[in-house]
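These are my notebook entries from a first look around. Come along and check each entry against the picture.

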Amino acid sequence: MKYASEDQEGPVVETTTGPAASAPEQTVQTARAGHAAPSPHDEQQGTRNRVARSILDHGPSTAAELALRLELTQAAVRRHLDALAAEGVVEPREQRVYGARTRGRPAKAFALTDCGRDAFDQSYDQLASDALRWIAQTAGGGEMGEAAVAAFARARLAEQAESYRQAVETAEPEARTRALAEALTADGYAATARSAPNSQLGEQLCQHHCPVAHVAEQYPQLCEAETEVFSRLLGTHVQRLATIAHGDGVCTTFIPKAGGAAHSTTAPKNTKTTKASASTAGRNPA
């Protein structure tokens with residue numbers, strides 16, 4: 001489906017998928033049903049929702065990337081980004097550049113803030129945090145409490161992993177990371193698979209959305225259990241490079257190529273291994 005540019009004449013009918021539907025979008029949906037046409041303000045808000053949703057689905061994005069995906073002009077996208085930044089929904093970041101830098105300043109990439117992610121989440125963060133705190137306290141607190149939370153996280157993901165196993169096992173070996181990404185996307189993680197900066201070393205599994213990011217910030221066992229599941233499903237060690245829970249724009253997991261040497265020689269430098277510790281949920285090294 002092609003979206004109409006906001007610079008065209010006539011009302012722009014927006015379509016928004018996922019849990020981000022808001023009152024302005026409902027107004028647009030009402031207009032589609034044959035009622036009064038949406039106001040210019042509603043159209044603007046609908047387009048801003050699409051801009052924010054695109055960042056959620058694809059991770060930190062430049063104005064040029066957003067314009068290409070949404071079929072809008074870069075000037076129009078920048079206006080919406082300015083408005084979203086003023087509302088605290090997105091924030092600009094320096095775009096990480098791999099390899100040799102080109103001349104001139106790198107383009108800024110816009111990422112969702114915690115406030116922006118909250119607008120998409122219909123989560124029960126406080127309830128989940130309270131439940132995990134109760135599990136830890138009931139187990140005696142301290143190391144025993146942490147172990148109990150880790151056991152819960154593994155049990156929770158074990159059932160979830162079964163729905164991914166068939167997708168991964170039926171895919172060709174070179175397509176298994178992509179198959180896992182598609183299965184994760186079906187569960188709301190907006191995941192993609194892409195080559196690592198050095199494609200000879202392996203791939204990166206990127207999750208652009210995490211429904212439990214706020215809880216995982218307090219309980220990194222959730223991230224650790226997920227990383228262990230990825231390792232088992234793909235049949236190789238994997239390395240978590242970044243997580244949304246620790247302030248990164250995307251949860252990124254490095255998947256080495258099959259048949260490679262030990263991770264100490266094949267993985268990108270300055271990364272952390274998948275041993276069960278809080279460090280596996282750490283931020284992507286600069």
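What should the 14 residues of helix α6 span at 1.5 Å a residue, and how far apart are its end C-alpha atoms? I found that α6 (residues 125-138) should span 20 Å, and its end C-alpha atoms are 20 Å apart, which agrees. The expected span is 1.5 Å times one less than the number of residues in the helix.

Before going on, I noted that this is a predicted model, where local features need pLDDT of at least 70 and side-chain atom pairs count only at pLDDT 80 or more, while totals for chains, interfaces and linings use all residues. Residues are numbered from 1 along each chain as its sequence is written, and side-chain values use heavy atoms, with hydrogens and water left out.

**Entry: the whole protein**

I counted 11 helices and 6 strands; helices (H or I, at least four residues) and strands (E, at least two) are DSSP runs, numbered from the N terminus. Of the 286 residues, 44% are buried. Here buried means under 20% relative accessible area, exposed means over 50%, and partly exposed is in between (1.4 Å probe, protein chains only). I also looked up contacts, meaning heavy atoms within 4.5 Å. Among those between residues at least 6 apart in sequence, 56% join residues at least 24 apart.

Which residues of α6 are buried? I listed D125, S129, L132, I135 and A136. They cover an arc of only 125° around the axis, so they sit on the same side of α6; the arc is that of the directions from the helix axis to the C-beta atoms. On the other side of α6, I found Q126, L127, W134, Q137 and T138 exposed. The cover over the buried residues of α6 includes α7 (142-169), α9 (213-218) and α10 (221-234). Just after α6, G140 has a positive phi of about 110°.

**Entry: the cores**

Next I looked for nonpolar cores, which are sets of buried Ala, Val, Leu, Ile, Met, Phe, Trp, Tyr and Cys residues joined through side-chain atoms within 4.5 Å. The largest has 29 residues, and L132, Y164, L180, L184 and L205 have the most contacts inside it. At least two residues of this core come from each of α6, α7, α8 (176-186), α9 and α10. The largest share, 7 residues, is supplied by α10. I followed up L184: leaving aside neighbours within four places in sequence, L184 is in contact with Y164, Y189, A190, A191, L205, Q207 and F230. Another core, of 17 residues, lies apart from the largest one and has V51, A52, V89 and V90 among its members.

**Entry: cysteines**

How many disulfides does a search of the whole structure find? I got 0, taking a disulfide as a pair of cysteine sulfur atoms within 2.5 Å. For C210, the nearest cysteine sulfur is that of C251, 5.1 Å away. C210 counts as buried at 11% relative accessibility, and C251 is buried too, with a relative accessible area of 4%.

**Entry: two single residues**

T252 is in strand β6 (residues 251-256). Is T252 buried or exposed? I noted it as buried, because its relative accessible area is 10%. Not counting residues up to four places away in sequence, T252 touches Q204, L205, C206, Q239, R240, L241 and A242.

E217 is in helix α9 and counts as partly exposed, at 48% relative accessibility. Its C-alpha atom is separated by 9.3 Å from that of T243, 26 residues apart along the chain.
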